Each structure stands twice: as C-alpha cells, then as structure tokens.
Amino acid sequence: MHPEVLADRPGDCPICGMALEAMDIGIEAEPNQELVDMTRRFWIGLVLTLPIFLLEMGSHIAPGFIDGLIDPKWSIWLQLVLATPVVLWAGAPFFVRGWRSLRTMNLNMFTLIAIGTGAAYGYSLLAVFAPAIFPADLRLSDGRVPVYFEAAAVITVLVLLGQVLELRARERTSDAVRGLLDLAPKTARLVNGDGAEREVPLEDVAAGDRLRVVPGEKVPVDGIVVDGVSNIDESMVTGEPLPVEKRAGDTVTAGTLNQSGSFMIEARHVGSETLLAQIVEMVSAAQRSRAPIQRLADSVARIFVPVVLVIAVLAFAIWLLFGPAPSFDYGLIAAVSVLIIACPCALGLATPMSIMVGTGRGAQTGVLIRDAEALETLEKVDTLVVDKTGTLTEGKPAVRAVETVPGVTEDEVLTLAASLERYSEHPLASAIVSEAENRSLGFMEVNGFDSVAGQGVKGVVSDQPIAFGNLALMGSLGVDCQSLAERTEALQSTGATVMFLSSGETLQGIVAVADHVKQTTPAAIKALQAEGLEIIMATGDNAQAAQRVAQELGLDGIRAEVMPQDKADVVRALQAEGKVVAMAGDGINDAPALALANVGIAMGTGTDVAMESAGVTLVKGDLTGIVRARQLSRMTMRNIRQNLFFAFFYNAIGVPVAAGILFPITGMLLSPMIAAAAMSLSSVSVIGNALRLRRIAFG
C-alpha cells in the first residue's frame with residue numbers, strides 16, 4: 001500500500017501496520033513468517049475461544065443446560081482465564097500496531113481493532129474485579145455485571161482468521177512472477193573447445209560460452225544460434241502460441257522451450273542481464289508502484305479512522321443518553337461494533353492487490369508494465385503514434401533493386417554503400433550489408449565515417465568523399481539526383497525506401513529497400529480503431545512510401561520525413577490538442593518521444609527490449625501486444641473500481657447498522673462478533689476479486 005516505505009529486514013509498515021513485502025521474489029516460495037505466526041495464533045486462539053463462546057452463549061442456545069453444569073459466577077472466572085491469552089497473546093500484534101499508530105498518529109485499521117477489543121476486554125475486567133463501581137441498573141439480580149469476554153475473544157479470532165486468509169491470498173499474487181522465474185533451467189549443456197559436452201550449473205555459464213540445447217529442453221540463457229535449426233515455443237515470454245523457427249544468426253531467449261531439433265548457441269546475456277531476469281525485475285517494480293487512483297483511497301483513509309472514532313463515541317453517547325436499559329451495555333456494543341466493522345483494510349487493499357495481479361498476468365503474455373501509472377493511463381489513451389520500421393513492418397528490410405548511372409555497375413554501388421553502412425546502426429543498414437555479402441562483395445576501408453541523424457552516412461573511400469542516404473543528404477552536398485528521378489519515383493510508389501549513393505558531388509546510383517508489413521498489423525490496427533483510437537504513423541521515410549503503407553493499413557494520419565528528434569514534437573502537438581497520446585516505437589531512436597508521451601510503448605524483439613524509455617514494453621514487437629495491453633489496463637482498472645466500490649459501499653452500510661440505526665425497527669443490535677466476521681470477509685472479498693485478473697483471456 002505504501003511503496004515509499006523501505007526497510008532492510010522484515011517488519012510492519014509504520015503507516016498502515018501491514019507486514020512489509022520482500023522486494024525480491026525467489027524461485028522457491030519461502031514460508032511467510034507472518035502467515036506462520038498468525039496461523040499459530042489463530043488456531044490456539046480458536047481452541048481457547050470455543051469454550052468461552054459455549055459458556056456465555058450456551059444459556060441462550062439451550063437455556064438452563066450450561067447453568068446446570070457450572071455456576072454462573074465460576075463461568076465468568078473461567079471465561080476470564082481463557083480469554084486473557086486469546087486477547088493479550090493471540091491478539092498482541094494488533095495492540096502493538098494499534099499503539100504504534102496512536103504514537104505516530106498514523107491511524108489505521110489496527111487502531112480500531114485495538115480500541116474495540118481492548119474496550120470489550122477492559123470493561124469485562126472491571127466487571128469481574130470491581131462490580132461495585134457499576135450503577136445498579138447495570139447489575140443482574142445476583143449482583144453480577146454482564147461481561148464481554150466472548151466478544152473480545154471471538155473478535156480477536158475472527159480478525160486473525162481474516163489476516164490468515166488475506167496473507168494466503170496475497171501470496172498468490174506473486175505466483176505469476178514466481179512462474180516466470182521458474183522458466184529458467186537450473187543447468188546448461190556446456191560445449192568445450194574439443195566438442196565434448198558437460199552439464200554445468202547455470203550460474204557457471206559466462207557470456208561467450210557455447211551451449212547445446214536438445215529437444216524438450218529450455219534455453220538456458222539469452223544467446224544467438226551458431227549451429228542447427230529448431231522450432232522454439234516462446235509463448236511463456238511473448239504470449240504468442242505459435243512456435244518460431246530459429247536458424248544460425250537468430251537470437252533465442254532464456255526460458256523458451258526447444259520443441260524439435262538440437263542446436264548450439266553462443267551465450268550473450270547471462271544471470272541478471274537476461275531478458276527473463278529483466279522481465280521479473282520490471283514486474284516486481286511495477287507491483288510495488290502506486291497508481292494515481294490510489295490517491296482517492298489514501299485521501300479517504302487519512303480522515304476515515306478519526307471519523308470512525310468520532311462516530312463510535314457519538315453512538316455510545318446517544319445510546320447512553322437515549323437508549324433503553326441497560327443503555328451502557330447497548331452503547332458499548334454499538335461503539336465496539338462500529339470500531340470493528342469500519343476497519344479500512346479492504347479500502348487499502350483495493351488498488352495494490354489489483355495492480356499486483358494485473359501486472360503479473362500481463363507479464364505472462366509479453367506485456368510488461370513499468371509502473372501502475374502507465375497501466376492506469378493506458379486505458380485513457382485516445383491517440384496512438386506509431387513508428388513504421390519494426391513496429392508496423394517486420395523490421396527486416398531487404399534490397400529490392402539497385403539502379404546506377406551509366407558507367408557504374410550495381411556491384412560497385414553496393415560495395416561502396418555496404419562499406420559505409422556496416423558502421424551504421426540504422427535498421428536499413430543490415431539489409432545493404434546482407435545483400436553485399438550474398439553477392440560475395442568485399443568491403444572497402446572507410447575513413448572519417450559520420451552518421452547524419454535522419455539523413456544517412458558519409459565517409460572517405462580511396463580518397464573520395466562518399467555519401468549514402470536520402471534526398472535531404474544529397475541536397476546538403478549539392479548532388480543532382482534528376483537522372484534517376486523517374487526510377488526513384490517508380491520504386492517509391494511500390495512502398496520501397498530509396499537511398500542515394502554519391503561520390504563527391506556526382507550521383508552514382510540508388511538502392512531500393514523494402515520492408516513488409518507484419519501479418520498481425522492489419523488486424524491489430526482494426527481492433528485498436530474499433531476501440532476509438534486514432535492511429536498516426538510518424539516515420540522518417542519519404543511521404544510517398546509512407547502514404548502507401550498508411551493506405552494499405554487504413555491509418556488515420558501520417559507524419560512523413562520526420563527526424564527521430566522531431567517525433568517528440570509530433571507527440572507534443574497532439575497533446576496540445578487535448579489528446580491522451582501513446583507512442584509506440586523501438587525504444588531507442590524514439591526515446592525522446594516515448595518519454596514525452598502520456599504512455600510510451602517500447603516494441604521489443606528478443607533481447608533488444610528498451611525498458612528504460614517506456615512505461616509499457618511488449619516483448620513480442622507487434623501491435624497485437626498493444627491490443628492486449630489496452631485490454632489488461634481496462635480490466636485492471638475496472639477491477640480496482642469494483643474493489644473501491646465494495647470497500648466504500650460496505651463501510652457506508654456497515655457503520656450505520658453497527659451504530660444501531662436499525663434497532664428502532666427490528667429491535668436488534670449488531671453483535672461485535674458479526675461485525676468482526678463482516679470486516680474480515682470484506683478484505684478477503686476484495687483480494688478474491690483481484691485474483692480474478694489471473695484468468696484474463698485476451699482476445
């Protein structure tokens with residue numbers, strides 16, 4: 001409930017009194033010491049409370065039976081002996097936390113529990129040891145004063161039961177994270193330099209080691225396939241059900257399942273650097289974060305306990321002044337019932353429980369939520385800005401055509417272009433280099449390499465200044481591209497990206513690179529638009545190629561020839577129109593726009609997940625993940641609102657009933673024991689509702 005509270009050892013939160021949760025979740029579920037302690041106190045308290053209940057309530061259930069077995073005066077003493085360890089030992093944690101809350105003025109549910117049970121027990125002690133101080137109208141015919149040991153004991157046991165059920169349910173909120181941790185195998189098959197294999201503990205694997213993965217085994221670390229072909233089930237990380245074929249050069253992720261062939265990988269990321277470890281850390285951090293909607297619960301909780309204390313005092317005073325005899329007893333019952341039934345535990349649990357379960361469920365389907373605020377804001381998004389390459393398209397472009405000016409060959413153009421691009425990190429660069437390698441072309445030495453953001457690359461090859469990039473780069477260098485203008489336009493009309501190669505101020509040729517739209521993109525676009533989202537593509541590509549993709553997908557708008565640093569301006573302009581904007585990009589080049597957007601969505605592929613720049617990361621980099629993320633956000637926020645409604649409605653009804661508002665009509669007053677049971681059940685019902693999120697079926 002209060003993520004700002006940190007401690008270096010187990011203990012209680014000084015604000016709400018609840019036990020602190022471990023920040024790191026281990027693979028093996030370690031015993032929850034608070035649960036063990038509360039369970040022991042509950043069972044011992046229950047064994048001692050049952051005879052108290054029979055002694056006090058037996059005469060009402062079977063008149064004359066209990067009185068015939070034991071004298072009423074001895075019954076009171078026996079109740080005192082049995083109730084004292086229940087209240088003072090079994091219920092000791094409540095008094096410790098209640099006293100701390102009063103001392104620090106952080107009034108919470110334990111304040112009310114301690115005052116309620118303490119009042120019932122203290123009143124009963126006085127009735128036993130000093131009955132003479134009570135007025136005659138409070139005494140029975142034999143001089144005894146009615147005691148409430150059974151109420152104090154039963155309330156304590158019922159609150160303990162609620163704590164046990166709550167702690168058990170809270171443990172289940174970590175199941176998703178623990179399930180992710182359990183994906184990683186404990187050992188790996190290390191291949192030595194001579195080809196021999198031996199099984200080693202996973203912690204002994206280092207980056208650069210070669211590992212064998214056989215059918216049916218899980219991939220031990222993040223790496224790259226160096227030999228063999230297989231189909232990998234990545235559903236546990238990406239949420240995608242279909243297996244993915246992996247060949248030499250493809251990346252594999254720790255925890256994914258090898259279905260068919262045997263292959264060898266070279267370890268790239270091990271230990272805490274693997275994608276799986278980063279996912280676990282990200283989910284754990286998100287579960288500890290606070291959603292903006294929780295401020296409502298916090299604001300109410302700050303004034304709730306003092307208001308309940310005032311209501312309890314007023315209820316006691318009104319019964320004492322205007323109630324029927326014995327008015328003091330009625331007043332005490334009403335005051336204790338108000339204190340117990342109004343405990344705001346359900347109110348405090350409403351938001352964090354839903355956040356914990358929702359973010360854990362999202363991680364199981366490849367939707368990683370960085371913090372609760374992103375999860376809440378995602379539901380309100382009405383405009384989605386998307387990058388083209390790697391987001392709408394496969395992100396694996398290939399060379400489609402090479403055109404040259406007279407006197408220059410295709411191989412010469414490709415050789416120069418690839419020599420420059422092999423130093424570049426642009427997504428299109430790998431396509432140029434791969435094509436040159438496929439044609440068995442060599443690379444030339446480049447001096448003075450320079451990458452011009454959003455335009456291309458430059459360098460000196462064989463003492464000649466060479467440039468490769470878009471028209472803007474050519475224009476800045478004074479290169480005339482008219483000789484290939486007609487062919488350029490024809491290639492761009494097919495959706496290809498055309499890049500120009502110049503030597504000095506002379507055009508040498510053009511290279512057309514095309515990137516296919518992902519198969520999942522059209523359906524995802526339609527699903528998002530059906531939810532009312534306006535989808536705008538922002539790309540550095542030329543307007544003609546961008547327009548073709550936009551028409552193919554039915555996008556609502558495009559911003560073409562946009563520099564990476566200018567995408568933030570696109571987001572800013574949309575926000576100035578009053579729109580709630582989500583930005584989806586690769587998480588690296590688009591970092592400024594991702595950070596500026598109301599929600600940044602990093603479209604991750606494999607281990608290239610840029611988690612630091614976005615509020616949401618999609619392990620499988622396609623728009624289907626955004627559909628899932630929106631659904632997760634919507635369902636989690638609905639669950640939180642349901643929980644808050646339950647908590648508010650419960651207290652709005654429970655407090656007046658406990659105060660005795662129905663007594664003039666029904667002649668009955670709510671028992672403090674019933675109030676305690678209702679209070680515990682309200683907390684459990686909130687947690688149970690939150691746990692329903694584990695069964696979200698994404699459409």
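**Terms and basis**

A crossing of two helices is left-handed if the near helix is turned anticlockwise from the far one by less than a right angle, and right-handed if clockwise. Helices (H or I, at least four residues) and strands (E, at least two) are DSSP runs, numbered from the N terminus.

This is a predicted model, in which local features need pLDDT of at least 70 and side-chain atom pairs count only at pLDDT 80 or more, while totals for chains, interfaces and linings use all residues. Residues are numbered from 1 along each chain as its sequence is written, and side-chain values use heavy atoms, with hydrogens and water left out.

**Overall composition**

The protein contains 25 helices and 22 strands. Of its 699 residues, 51% are buried, meaning under 20% relative accessible area (1.4 Å probe, protein chains only).

**Helices 15 and 16**

Helix 15 (residues 410-421) and helix 16 (residues 429-438) have axes that come within 9 Å and cross at roughly 130°. Helix 15 is therefore oblique to helix 16; the oblique class takes the angles left over by roughly parallel (under 35 degrees), roughly antiparallel (over 145) and roughly perpendicular (65 to 115). Axes are lines fitted to C-alpha atoms, for helices over the stretch in contact, and angles run from 0 to 180 degrees between N-to-C directions.

The crossing of helix 15 past helix 16 is left-handed. Contact (heavy atoms within 4.5 Å) involves Leu 414, Ala 417, Ala 418 and Glu 421 of helix 15, together with Ala 429, Ile 432, Val 433, Glu 435 and Ala 436 of helix 16.

**Helices 12 and 25**

The axes of helix 12 (residues 345-364) and helix 25 (residues 672-691) come within 9 Å and cross at roughly 15°, so helix 12 is roughly parallel to helix 25. This crossing is right-handed.

How values were computed. Buried means under 20% relative accessible area, exposed over 50%, partly exposed in between (1.4 Å probe, protein chains only).
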